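Please keep the sequence and the structure in view while reading.

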Amino acid sequence: METIQKKTLGERIVAAANAFGLPRMIIAGFLLVLFIAAPLVGVNFFTQITNTINRFSWNAVLVLAMVPMIHSGCGLNFGLPLGIISGLLGATLSIQFGFTGPMSFVMAVLIATPFAVIFGTGYGWLLNRIKGGEMMIATYVGFSSVSFMCMMWLLIPYTHPQMVWGYSGKGLRTTISLEGFYDKVLANFLKIEIGNLSIPVGTLLVFAFLAFLMWAFLHTKTGTAMTAVGSNPTFAKAAGVNVDKMRMLSVVMSTWLAAIGILIYEQGFGFIQLYMAPFNMALPAVSAILIGGASVNKASITNVIIGTFLFQGIVTMTPTVMNSMIQMDMSEVIRVIASNGMILYALTRKTEAAK
């Protein structure tokens, strides 16, 4: 009887390991080794935990933005910069209109929302025209929108002295400080500090709230219809679901979440970065959700949480620990190798999942 129970327990462990996935186990194991090695090489353990949690809180909503488009069958949102631009417009216009403190963040969200709806509707209309090639077209949409806005940041008549170039009084600066505006407005809300450990509770609560709303939406009638469109559009159409409408709704939702995500990222980072800064921001978000266990047509909130933590944990811990081990400042080189290595793995995995 004991042998049967042990075998059953072993089978459960194997099943759980298979469900979690060998690649994620390896990445999680490597991250655990880095956390263990950190104090051994002179790196403050709690400081690194704080940095990992902070980076998770900044990026989690951008990764969450992938979920609705994956569920509707539009694939991975490589056009994420379109939503990011909506957020940047909301941020800069909020400052331009004279809002300060927490109110500047609220107004940034409100101003970014109509931009996200308009851009998302146009983006969704385009993706409905080219079913089957969404991810390739989305990449060009993202890249071209960033390049177009490089001109618009110079041409839009902003006048706020903290944003425009001082020598000419025209065009926005590359980097704009959020000091006096919404710098760490969420991170400092209900923040827990214990020695070197700091937890941005406010930012995590906002992510948890948005994640819950996404989970709840996916369990509504509309959310179920959206999932059906992604799983089997022919069946969904036969059941009376408007396929194009569901796909467009998912794109608008994804674009809006990206707009909110960049605002959350900025308040934690403390700066607004314009021009080419959003160019490659889709790749870490795509990689994180794939590392978390999602595929091109299936994703969950759990995939978002696991993937974001693993990706940001590796990117945060690897340069610091390796620098301390080799006693050389190669943090940027190591960060690029680690982040691009995980991106390469994730995109390769995406191709396998698509088969």
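**A pocket, a helix pair and an aromatic pair**

The second largest pocket holds about 160 Å³ of space. The model is a predicted one.

**Packing of helices H8 and H11**
- Helix H8 covers residues 201–218 and helix H11 covers residues 243–269; the two pack at an angle of about 175°, and their axes are 11 Å apart.
- Angles over 145 degrees count as roughly antiparallel, and H8 and H11 are therefore roughly antiparallel to each other.
- On the H8 side, the contact is made by Thr 203, Val 206, Leu 210, Met 214 and Phe 217.
- On the H11 side, the contributors are Leu 249, Met 253, Trp 256, Leu 257, Ile 260, Ile 264 and Gln 267.
- By class, this contact has 10 nonpolar, 2 polar and no charged residues.

**Aromatic pairs**
- The count of aromatic pairs comes to 11.
- One of them joins Trp 58 and Tyr 265 edge-to-face, with 5.8 Å centre to centre and 75° between the planes.
- This pair links distant parts of the chain, since Trp 58 lies in helix H3 (residues 45–64) and Tyr 265 in helix H11, 207 residues apart.

Definitions and conventions: Residues are numbered from 1 along each chain as its sequence is written. This is a predicted model: local features need pLDDT of at least 70, side-chain atom pairs count only at pLDDT 80 or more; totals for chains, interfaces and linings use all residues. Side-chain values use heavy atoms; hydrogens and water are left out. On a 1 Å grid over the protein atoms alone, a cavity is a set of points where a 1.4 Å probe fits but cannot get out, and a pocket is an open set with protein on both sides within 12 Å along at least five of seven lines; lining residues have an atom within 4 Å of a point. Grid points are joined across faces, edges and corners, and a volume is the space filled by probe spheres set on the points. Axes are lines fitted to C-alpha atoms, for helices over the stretch in contact, and angles run from 0 to 180 degrees between N-to-C directions. Helices (H or I, at least four residues) and strands (E, at least two) are DSSP runs, numbered from the N terminus. Angles under 35 degrees count as roughly parallel, over 145 as roughly antiparallel, 65 to 115 as roughly perpendicular and the rest as oblique. Contact means heavy atoms within 4.5 Å. Ala, Val, Leu, Ile, Met, Phe, Trp, Tyr, Cys and Pro count as nonpolar, Asp, Glu, Lys and Arg as charged, and the others, Gly among them, as polar. Rings of Phe, Tyr and Trp (its six-membered ring) pair if their centres lie within 6.5 Å; planes under 30 degrees apart count as stacked, over 60 as edge-to-face and the rest as tilted.
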